Amino acid sequence: MNIEQERKNRLKKMLNKMKEQILNEAREEIKKFQTGEKRQIVEAVMDDADLSVIDLSEDISLKQLSTHRDILKKIEEALRKLEEGTYGICEMCGDEIPEERLKILPFAIYCRDCQEKIEMIEKFESEEG
């Protein structure tokens, strides 16, 4: 097996592991809603402040599910790119994104240098406006 194929296999395994972890977390959140785990607490509670805490907790859970969905989309895109051979290539400069960066941020689409340039531009634009 060549070095490129080994790298592809490592990255695919890493992405699939992350995907499974996110799916498990999402399943747990969904299960809490289905079983009414958070609402069951309300039955023992009588004041409005406690109800607000439950509502806030459910809002946070929904936000987490939304975040999980967004991450899963990015992972699916990364897996698609991996199959077509474009994964790990900076979309700005075309250089290879180091595997160390991809281990930390598996769905990175820019190398560190280009990401820093983008962040500097965004910071400059936000200070102007």
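How much space lies in the second largest pocket? About 160 Å³. A pocket here is found on a 1 Å grid over the protein atoms alone: it is an open set of points where a 1.4 Å probe fits, with protein on both sides within 12 Å along at least five of seven lines, and its lining residues have an atom within 4 Å of a point. Grid points are joined across faces, edges and corners, and the volume is the space filled by probe spheres set on the points.

A word on the ground rules before we go on. This is a predicted model, in which local features need pLDDT of at least 70 and side-chain atom pairs count only at pLDDT 80 or more, while totals for chains, interfaces and linings use all residues. Residues are numbered from 1 along each chain as its sequence is written, and side-chain values use heavy atoms, with hydrogens and water left out.

Back to that pocket. Helix H1 (residues 3-35) gives the largest share of its lining, five residues; helices are DSSP runs of H or I with at least four residues, numbered from the N terminus. Among the lining residues are Leu11, Leu82 and Tyr87.

Leu11 and Tyr87, together with Leu15 and Leu102, have the most contacts inside the largest nonpolar core, which has 15 residues. Such a core is a set of buried Ala, Val, Leu, Ile, Met, Phe, Trp, Tyr and Cys residues joined through side-chain atoms within 4.5 Å, where buried means under 20% relative accessible area with a 1.4 Å probe, protein chains only. H3 supplies the largest share of this core, four residues. Leaving aside neighbours within four places in sequence, Leu15 is in contact (heavy atoms within 4.5 Å) with Ile75, Ala78, Leu79, Leu82, Tyr87 and Pro106.

Helix H3 (residues 48-84) is also the place of His68. This histidine counts as buried because its relative accessibility is 10%. Not counting residues up to four places away in sequence, His68 touches Ile22, Glu25 and Ala26.

H3 turns up again at the largest pocket, where it gives the most to the lining, with five residues. About 240 Å³ of space lies in this pocket. Its lining has 17 residues, and Lys74, Lys81, Phe107, Ala108 and Ile109 lie nearest the centre.

Finally, the cysteines. The whole structure has zero disulfides, a disulfide being a pair of cysteine sulfur atoms within 2.5 Å. The sulfur of Cys111 has its closest cysteine sulfur in Cys114, but they are 3.6 Å apart and therefore too far for a bond. Cys111 is buried at 9% relative accessible area, and Cys114 is buried at 4%.

Key:
Helix = DSSP H or I, 4+ residues; strand = E, 2+ residues; numbered from the N terminus. Buried < 20%, exposed > 50% of the residue type's maximum accessible area, 1.4 Å probe, protein only.
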